[in-house]
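Have the viewer open as you read.

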Amino acid sequence: MTSRQMSAAGLVTAVDPSAHARGGPAYRAWASAIAAAVLDGRIPDGTRLPSERTLAEAAGISRTTATRAYGVLRDRGLASARQGSGTVIRLPLTERNATSLLATSADPDDISITTAAMPAPPELARLVHRAAEGLPSLMATHGYLPDGLPLLRERLAQRYTEHGLATEPEQIIVTTGAQGALALLTRVLCRPGDRALTEACSYPHAFDAFSGAGARLLPLPIADDPWPMADIERAVPSAQVAYLIPDFHNPTGAVMDAERRGRIGAAMCRHGVTTIVDETMRDLRLEGEALPHLARWCPDAFTIGSASKSIWGGLRVGWIRAPRSAVPGLIQARMHQDLGASALDQLIVAEAVAAGLLDRSPHLPIAGRTRDAAIALIAERLPDWRIDPPAGGLTLWARLPGRMATALAMAAEERGLLLTPGPRFFGAQPHAGEHWIRIPYTQPQDVMKRAIERLASAWEDLGPRDAEAVRDPRTIDIIA
Ligand SMILES: Cc1ncc(COP(=O)(O)O)c(C=O)c1O
């Protein structure tokens with residue numbers, strides 16, 4: 001694998017040793033901070049670290065501290081050093097890690113609460129049978145569907161129209177999950193150097209998709225909720241692209257109110273900002289009325305949907321609702337990507353739409369009960385944590401009384417609990433997110449109970465002294 005050089009300034013920006021200073025020597029805090037960024041994917045495998053001398057200069061630490069920190073990384077098997085090529089991050093195959101939000105573990109006693117998705121509902125079996133009945137006519141074709149299965153495109157278009165957003169089937173492109181939609185849209189819509197406006201914290205794989213397409217992230221300032229209106233209006237004129245999650249925002253679970261949808265949609269339109277609205281979580285509504293699609297106010301917006309959350313992630317079916325004029329270019333570009341989603345999976349989702357399962361996800365009753373039970377248990381076991389109960393989605397966004405999310409995630413991992421700490425949701429923003437932990441409530445209630453017990457025990461071991469030790473006046477965290 002070729003190495004990517006990380007500058008000293010880049011490393012100092014990416015990691016936050018103050019959040020790992022547990023009263024020990026500085027080199028340990030630096031080693032832990034770098035290890036945490038490697039394990040949660042902020043520093044990719046194969047990255048060549050800056051020289052110890054340049055790190056020492058940029059970070060204002062002694063050269064011995066930098067040298068010893070790199071030594072700890074090598075001892076942990078997270079880096080290798082070779083004469084002439086410096087220190088290179090090497091993620092060992094055996095390391096149980098959280099480089100993906102889908103971290104899994106081979107240890108059957110481990111619990112992973114990294115993934116905001118439910119297992120398939122029992123209804124899926126019936127849908128598969130019904131879909132199989134429609135398969136013979138498809139089997140007479142070659143089965144490649146770069147724009148999507150016509151039946152599914154029709155049903156999705158009809159559903160948008162019924163929900164107040166007039167849509168023709170030709171405007172729908174079926175993708176391999178919402179992630180496939182993001183990959184296609186960022187590749188087609190972003191030019192290198194474009195500024196991509198995003199919420200301060202957001203879905204990390206979207207950040208990755210924008211960066212991969214050469215865009216520069218322009219995250220909104222951290223504020224009380226993900227959509228500080230004055231900041232958005234200030235930022236819009238300097239953005240070329242925008243990516244927003246108005247419904248059950250991942251990770252905070254917040255919902256953009258109707259008034260702001262109107263104002264933001266109109267502002268994007270006025271300034272010609274190419275707007276991508278990610279509605280992956282939209283159908284997981286536990287309370288309240290559905291609010292209008294943001295594209296109502298921004299007709300040229302690209303809206304992403306998915307069957308992953310309301311039905312099952314294993315289907316790998318998502319879609320884009322695009323302005324008509326953009327469709328041919330997207331389909332053409334798609335030829336380099338995957339040539340289309342699975343025909344059988346699309347048939348299954350077409351059955352699901354006809355059966356109304358996107359409008360009434362079979363997961364909702366369980367998700368509602370698990371959410372309430374998790375909130376109650378956290379309030380009892382971790383009374384100084386703060387959670388604003390979300391009206392939908394699949395995650396709790398817990399505010400900790402100290403900046404110690406990464407340290408907590410590492411302590412939890414030692415107890416067999418895998419979870420994603422806040423910084424992973426703040427992209428490349430320096431030192432942000434240490435106040436936050438995302439807790440998906442997608443495991444069965446008894447497993448969630450054990451998970452929260454492990455979390456509480458990890459928290460007790462970190463102790464209040466640590467919360468003080470890691471407080472850093474440079475960083476303000478979101479108060480959602
Ligand atoms: C906001 C958001 N967008 C996209 C995705 C990817 O979803 P899919 O499984 O449809 O690819 C996720 C998955 O968690 C998500 O939360």
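Let's start with an open sheet built from three strands in the order 13-16-15, with antiparallel pairing. Strand 13 and strand 15 (420–421) sit at the edges, and each of them pairs on one side only. Pairing here asks for at least two bridges found by DSSP between two strands. Helices (H or I, at least four residues) and strands (E, at least two) are DSSP runs, numbered from the N terminus.

Strand 13 runs antiparallel to strand 16 (residues 436–440), and five bridges link the pair.

## Ground rules

This is a predicted model, so local features need pLDDT of at least 70 and side-chain atom pairs count only at pLDDT 80 or more, while totals for chains, interfaces and linings use all residues. Residues are numbered from 1 along each chain as its sequence is written, and side-chain values use heavy atoms, with hydrogens and water left out.

Zoom in on strand 11 (residues 302–306) and strand 12 (residues 318–321): they pair in the antiparallel sense over four bridges. Threonine 303 stands opposite arginine 321 of strand 12. In the loop between strand 11 and strand 12 you'll find arginine 316, whose phi is near 55°, a positive value in a residue other than glycine.

## Helix 5 against helix 12

Helix 5 (residues 123–139) packs on helix 12 (residues 343–354) at an angle of about 120°, with the axes 8 Å apart. That makes helix 5 oblique to helix 12. Axes are lines fitted to C-alpha atoms, for helices over the stretch in contact, and angles run from 0 to 180 degrees between N-to-C directions. As for the labels, under 35 degrees is roughly parallel, over 145 roughly antiparallel, 65 to 115 roughly perpendicular, and the rest oblique.

Helix 5 passes helix 12 in a right-handed crossing (the near helix is turned clockwise from the far one by less than a right angle). Ala, Val, Leu, Ile, Met, Phe, Trp, Tyr, Cys and Pro count as nonpolar, Asp, Glu, Lys and Arg as charged, and the others, Gly among them, as polar.

## Helix 7 against helix 8

Helix 7 (residues 177–189) and helix 8 (residues 204–212) cross at roughly 25°, and their axes come within 9 Å. Helix 7 and helix 8 are therefore roughly parallel to each other, and their crossing is right-handed.

On the helix 7 side, Gln179, Leu182 and Thr186 meet His205, Ala206, Ala209 and Phe210 in helix 8. That contact of helix 7 with helix 8 splits into four nonpolar, three polar and no charged residues.

Aspartate 16 is in the loop between helix 1 (8–14) and helix 2 (26–39), and arginine 403 is in the loop between strand 13 (395–399) and helix 14 (405–414), so the pair ties together parts 387 residues apart in sequence.

Finally, look at asparagine 250 and proline 251, joined by a cis peptide bond with omega about 20°. Proline 251 is in the loop between strand 9 (241–244) and helix 10 (258–270).

Note on methods
Contact means heavy atoms within 4.5 Å.
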